[in-house]
Structures are given as C-alpha cells and as structure tokens.
There are 2 protein chains.
Amino acid sequence: MTGRLYCFGESGNAYKAALTLTLCGVPWEPVFVDFFGGETRTPAFRALNPMGEVPVWVEGGLILSQSGAIQWHAAEVSGRMGGESPGERREVLRWLLWDNHKLSAQAGTRRFMANFLPEAQRPAAVIDWLGARLRSALQVLDTHLAGRDWVAGGAGPTLADCACAGYLYYPEPFGFDRADWPAIGRWLDRLAALPGWRHPYEMMPGRPSDRA
Amino acid sequence: MTGRLYCFGESGNAYKAALTLTLCGVPWEPVFVDFFGGETRTPAFRALNPMGEVPVWVEGGLILSQSGAIQWHAAEVSGRMGGESPGERREVLRWLLWDNHKLSAQAGTRRFMANFLPEAQRPAAVIDWLGARLRSALQVLDTHLAGRDWVAGGAGPTLADCACAGYLYYPEPFGFDRADWPAIGRWLDRLAALPGWRHPYEMMPGRPSDRA
C-alpha cells in the first residue's frame, strides 16, 4: 500500500521522513500542504494532526505525526536503516533525539525566521540566540563525524543521518556553511551519493520560488 | 546490576530518566553532576558525553545519553512503560519526540533563563518568545489529556508521561500554572499518585537552596 506523506518542500522535518521512506524503499506519495497559505492552522488540518505540524503520514487507517516517529515506522516495516544490533538501535534513537532537540530545532526555526518571515517581523535577539545554539550543535556533529562515515550505524546510513541532515541541504542562509564544518560537508556528500537521494526541493512539492 | 545516572535535581531531562527507571523497577543510583559549578564543560565530563549534557546512564560498559534514549532502554530491559502494542509504542515515541522538541525544550530553557541566570544576563526577548511557544505546547497537551488518563498508553502510564511531565513539577516560575491547564493538573496528580513517584528534588541530588 502506498502511503501519503503530508509535506511541503521547505520543511526539513518533512524531508527527514521523505528521505527515510525513499531510502527504506517504502512506497509513498506526497500530499502538498500549503503551510505558507495557512493550511496547518485550518480545522481540517488540525483534525488530521492536532499538533498542527508537518509531516503527517497516512497509510490505511494509520495517521502518524512527528518526523522521528514516521522514520521509526519506516525502519520497522522495511527492516532497514534502524540499526543492525541493539547497540546500533540505541545510537540511532539517541542521535535522532539529539537532532530533534539540539540541531534541527535551531536550524529550522532560524532558517524560517531569517528567510521566510517578513523582514519587519524578524526577531533579531531570538535569531542571534538560535545562531549560537546552532553553532554548538554543529560543532558536536562535526567532531562526531570526523572519525566515521555515518552518524549512528557502523556499516551504513540510518534514520539518524536522515534526521541530522534534514535542514542541511537547503540553500537559504541560516548559519550553516559547509566550509566551516568539513566533516559535515563530506558526510552530506556521502549521503547525497546514495541511490534514490534527492534534494528536498526535488523530493517534495513547494519551494520559495513558487511564491516569488 | 545497578546502573548509575549522572544527574542533578534541577534538570527536568534527568528527571525524565530517573522517574522512568524508578517506575520501571530498574535499579539505579544517582551520580551528582555539579552543573552550576561548570562540571558539564570539563574535559572529564565531555569524555563521558561529548554532547555535554545531563543525563548520562552508565551500566557496565554501556554509556548512554539523551533522556529519551535512556527511557527507551529502561522500557526495553524491564518490559514496562513502552506501550503494550505496536500502535501504543508508536504513540509513545511520537509524544516523547513531541515533548523533546516542543514542550521540554521551551519549558526547560525558559525556566533556566528566568530563574538560574543572573538577572543582568536574562535575554528578555528570548524569554518572551519561548513563553509563547510554551503556551502553544501546553495547549496541545491540555487538549489531548482532556479525554484520557495518560499521554500515550490506554491502560497505564508510559515513557511519554515521564517525558512530558519532566519540567512540570518544579516550583520555579517559568510560565506554567496548573490553574490555567486543568487537564494537565489532573494528569500530574495521577502520575504523582503512582507507587515510587517522587518530586525531582527528592529523587536526585542538588536543588536551588543548596546554592543560596
């Protein structure tokens, strides 16, 4: 059964789910959510996900939100990318949680504020604060990746790679420059060389130029 | 084997792990981390956890950070609190991730800034911004709990309850008042009535009055 992923191109959290589903070989099709037109605040969308967020996965009677939960589900149904041993599975979950809390939360929010909010509404103090936290997280990830190919797995990519990379392919400036983080840059190239990988704006409908 | 939890009383993220280990019946003892004395920035602590964060779980050769990963591990080794069915386990993970990203990230950071930073260093704009995000998260949780006893499980408490409650028993003002969120208040009472429950300042060493 082909599942439906409610998503839009600008959402790195949706990209984590889309990339994981693709690399796990789980059939899926996108359903475009007009976030910038206010769709996630409508009663219809809130009925689908009371948390009011993208992505949402719908597969028969299953409705699942939170990118990490969708990623975990994709690994369970495919038997792929979830780690090969109990120890690897612990590492996958650990880095997935770390990403959600420490990396993507700062990267995604800062990118939104610095690029997609009207200029007069951009809160400079918050953007600065998020920038400092983002640099701390990137330092942890770059150091971690200096001696390894993948974030959590020994032999290959896992959910943790798709989570940590969620916002790092986007072109809009948000405080991440590959030149500053060489191990992260090499790892992003490694991930992008996997069969099936596509850029978020190629994998999901919606991109900034649509609104230009 | 009794594991060791590196923690301190003021850390709601450590409390999530401590409460889960206790309710799961996993033997543990606390190792006090002098966060306010700078211990998490020392080379010795960074060797234990390069992410520089509390909690850390050490059990024989296993070293595990991230509260949610420690919680998940406690559920696996005890067979308790992780959900009774695949559907419940998905819900447990979904709400655990939501808490980490949307609730505790705001609550913990705001409580730290508004109470534990020197007054001259408190960034008012960031504290305001976190307050608005915290209220949105509390609204989602209160609405969710209005019709149910526990966050994710049908029949009893799970990891998701311990995660979402992580910061909500603390007395320091950070923008959460039970009077505003009646369903959350009733759920916190329900959780606190479980055998073994203790307040974070009773369960882990370290509390603000130690530094008065």
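Predicted model: local features only at pLDDT ≥ 70, side-chain atom pairs only at ≥ 80, totals over all residues.
Residues are numbered from 1 along each chain as its sequence is written, while chains are lettered from A and ligands numbered from 1 in the order in which they are written.

View 1. Strand S3 (residues 56–59) and strand S4 (residues 62–65) of chain A run antiparallel and are joined by 4 bridges; helices (H or I, at least four residues) and strands (E, at least two) are DSSP runs, numbered from the N terminus, and two strands pair if DSSP finds at least two bridges between them. S3(A) and S4(A) form a hairpin with 2 residues between them, and in the turn A:Gly60 has a positive phi of about 60°.

**View 2. Strand S1 of chain A and its two partners.** Strands of a sheet pair through backbone hydrogen bonds, either parallel or antiparallel. Strand S1 (residues 3–7) of chain A pairs in the parallel sense with strand S2 (residues 28–32) of chain A, over 5 bridges, whereas S1(A) and S3(A) run antiparallel and are joined by 3 bridges.

View 3. The 4 strands make an open sheet in the order S2-S1-S3-S4 (chain A), with mixed pairing. S2 and S4 of chain A stand at the edges and have a single partner strand each, so one side of each is left without a neighbour in the sheet. On average, and with direction ignored, neighbouring strands of this sheet are turned by 20° against each other. H1(A) packs on the sheet, where it touches S1, S2 and S3 of chain A, and its direction makes about 155° with that of S1(A); axes are lines fitted to C-alpha atoms, for helices over the stretch in contact, and angles run from 0 to 180 degrees between N-to-C directions. Helix H3 (residues 67–78) of chain A lies across S3 and S4 of chain A and runs at about 130° to S4(A). Together, S1(A), helix H1 (residues 12–24) of chain A and S2(A) make a right-handed β-α-β unit, a hand assigned if, with the strands pointing away from the viewer, the path from the first strand over the helix to the second runs clockwise.

**View 4. The residue B:Thr20 and its surroundings.** B:Thr20 has its place in helix H1 of chain B. Is this residue buried or exposed? B:Thr20 counts as buried because it has 30 C-beta neighbours inside 10 Å; a residue is buried if 20 or more other C-beta atoms lie within 10 Å of its own, exposed if 12 or fewer, and partly exposed in between, with C-beta atoms placed from the backbone. If neighbours within four places in sequence are left aside, B:Thr20 is in contact with B:Gln71, B:Ala74, B:Met81, B:Leu159 and B:Cys162, where contact means that the C-beta atoms of two residues, placed from the backbone, lie within 7 Å. B:Thr20 and B:Arg135, by comparison, are 115 residues apart in sequence and 25 Å apart in space, C-alpha to C-alpha.

**View 5. The contact between chain B and chain A.** Chain B gives 24 residues to the contact and chain A gives 24 residues. On the side of chain B that touches chain A, at least two residues each come from S4, H3, helix H4 (86–116) and helix H5 (124–145) of chain B, and H4(B) supplies the largest share, 8 residues. The residues of this side divide into 14 nonpolar, 8 polar and 2 charged, where Ala, Val, Leu, Ile, Met, Phe, Trp, Tyr, Cys and Pro count as nonpolar, Asp, Glu, Lys and Arg as charged, and the others, Gly among them, as polar.

**View 6. The relation between the two chains.** A rotation of 180° with 0.0 Å of shift along its axis superposes chain B on chain A, with an RMSD of 0.0 Å; the copies are superposed by least squares on the C-alpha atoms of residues with pLDDT of at least 70 in both. That is the relation of a two-fold axis. The same surface serves both copies, as 100% of the contact residues of chain B recur in chain A.
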